[in-house]
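My entries follow in the order in which I looked.

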Amino acid sequence: MASNESSSQMKIVHGDAGYILEDVPHLSDYIPNLPTYPNPLRSNPAYSVVKQYFVHMDDTVPQKVVVHKDGPRGVHFRRGGPRQKVYFRSDNVLACIVTCGGLCPGLNTVIREIVCSLSYMYGVDKVLGIDGGYRGFYSKNTITLTPKVVNDIHKRGGTILGTSRGGHDTGKIVDSIQDRGINQVYIIGGDGTQRGAAVIYEEVRRRGLKVAIAGIPKTIDNDIPVIDKSFGFDTAVEEAQRAINAAHVEAESVENGIGVVKLMGRYSGFIAMYATLASRDVDCCLIPESSFYLEGKGGLFEFIKKRLKENGHMVIVIAEGAGQDLLTESMQAMDQKDASGNKLLLDVGLWISHKIKDHFAKENKMAIVLKYIDPTYMIRAIPSNASDNVYCTLLAQSAIHGAMAGYTGFTAGLVNGRHTYIPFNRITEKMNQVVVTDRMFARMLSSTNQPSFLKPKDIHEIKKAEQPPPLTPLLEGGNCNGGEEAEKVEQIPAQVLEGDNVKDKQKSGNHTESCII
């Protein structure tokens, strides 16, 4: 294999049969003659019986899993896991952990596992917690973390380190890292946080510091690309069932009852879609990727009336980012952003509840009883479930193995069921979204038996753009709960799929494929 291209954030290696490795940086790329040491796991009794525990240096994981026999092997990522040699002596390691952005189930589990695995696997006893997100590097005191301190924190929601949005001052952060003698930095956060981690890595490299920068992707919305899913997503879908069930009980207990549930999903509707599929009690699911309209033939009001006549009640699930274009038409447009640069959204749950009430009040033919439930902060604040606890544990261990082996400037993530090291720029280049032309979205529509709410002119545009379907291309591993991948078909034109909120955020017009169960 030959390396044809390289950059400070990603090394491209080309091999036979169309093989491409998008490799992550290594400390030896910019620091010559680094000494190596035997991996302490060799003498760890827990691993003495494990066969082939160490990952081979040439092991890689394919990004795409559906191939043709004569097709190229495609893009691969370096497989995560422990190596025979490490680039840090255990007694010289001073690690730090920082959590940034919004809360998400599993944060404390990741923190606990980083501390415990560094101690139990590698004999590292110096770990600092950075208090309050990125600004904690230069404006707050650190917290000493030991296995005893973090022993029970996975049973609590939130993060014991505290978190914040913004506060990213690269110079001050790297000064703090350098002054404190920190040589491993574990950064837990979403795409904005990982973008900040990439900048920190660039500055560390520019200064020639022997500091490994490892990211662990966190987003409850599951909107980070490349990886199979984000930690906390399973827990969020599970907890959302409680709200949906409550809305269903309220709705079916009265005549013409409507239960409206608003779930997380600023730009991606994965939680709403999967919660709808899991529940089977939802009559209508509205997500940011699929536009809808209220009045007229084929609109939401018409569907509500039809469903109430059929069943006497209904449940509507709406993602927080859905229908923002309709809100800005009927309310004063907002162009404010939070400290992370995310556009502040109007409350679509309250807005649509008032719209439904007003519409049926004007008709005077059908009295309705509407109950609105917003469980957002209850879901974000709970501890992770068993599935996410296991996932968080393995993510943390994967990040540690990579840092100890000298890899840096990477995000640890699951790709096609295997732990990998992914270059920062691949994680931050675009956003994972529901593809409204694939099988998963169709399954959701068939589950609720709802219309797609596309306007006639939109359908005309789609049909106009239709081309004969090509052979199934190489397909990416899905960014959700695993399973076979849907065939990629023609994309709906961007103007149909994107509200203003998506345009602000998304860099690419292409939508990452979601997966099929």
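**Entry 1: a helix pair**

I looked up helix α1 (residues 107-122) and helix α11 (residues 386-404) in this predicted model, and their axes come within 8 Å and cross at roughly 50°. That angle makes α1 oblique to α11. I noted the angle classes: under 35 degrees counts as roughly parallel, over 145 as roughly antiparallel, 65 to 115 as roughly perpendicular and the rest as oblique. The axes are lines fitted to C-alpha atoms, for helices over the stretch in contact, and the angles run from 0 to 180 degrees between N-to-C directions. Helices (H or I, at least four residues) and strands (E, at least two) are DSSP runs, numbered from the N terminus.

The crossing of α1 with α11 is right-handed; the term applies if the near helix is turned clockwise from the far one by less than a right angle. On the α1 side I listed T109, V110, E113, I114, S117, L118, M121 and Y122 as making the contact, and on the α11 side N389, C392, T393, A396, Q397, I400, H401 and M404. Contact here means heavy atoms within 4.5 Å. By class I found nine nonpolar, six polar and one charged residues in the contact of α1 with α11. Ala, Val, Leu, Ile, Met, Phe, Trp, Tyr, Cys and Pro count as nonpolar, Asp, Glu, Lys and Arg as charged, and the others, Gly among them, as polar.

I kept the ground rules here: residues are numbered from 1 along each chain as its sequence is written, and side-chain values use heavy atoms, with hydrogens and water left out. In this predicted model, local features need pLDDT of at least 70 and side-chain atom pairs count only at pLDDT 80 or more, while totals for chains, interfaces and linings use all residues.

**Entry 2: two single residues**

Is E239 buried or exposed? E239 has 17% relative accessibility and therefore counts as buried; buried means under 20% relative accessible area, exposed over 50%, and partly exposed in between (1.4 Å probe, protein chains only). I found E239 in helix α5 (residues 233-252). Leaving aside neighbours within four places in sequence, E239 is in contact with I379 and I382.

G158 sits in the loop between β11 (142-145) and α3 (170-180), and at 12% relative accessibility G158 counts as buried. With neighbours within four places in sequence left aside, G158 is in contact with L103, L107, N108 and A381. I also checked G158 against T109: they are 49 residues apart in sequence and 10.0 Å apart in space, C-alpha to C-alpha.

**Entry 3: salt bridges**

How many salt bridges does the structure hold? I noted 18 salt bridges, each a side-chain nitrogen of Lys or Arg within 4 Å of a carboxyl oxygen of Asp or Glu.

One of them joins the side chains of D175 and R207 (2.8 Å, N to O). D175 lies in helix α3 and R207 in helix α4 (residues 191-207), so the pair ties together parts that are 32 residues apart in sequence. D175 counts as partly exposed at 34% relative accessibility, and R207 counts as partly exposed at 26%. I found D175, E203, R206 and R207 linked in a network of salt bridges.

D283 and R307 also meet in a salt bridge (2.8 Å, N to O). D283 is in the loop between α6 (270-279) and β15 (284-286) and R307 in helix α7 (residues 300-311), 24 residues apart. Both D283 and R307 are buried.

My last pair was R426 and E429, whose closest N and O atoms are 2.7 Å apart in a salt bridge. R426 counts as buried at 9% relative accessibility, whereas E429 counts as partly exposed at 31%.
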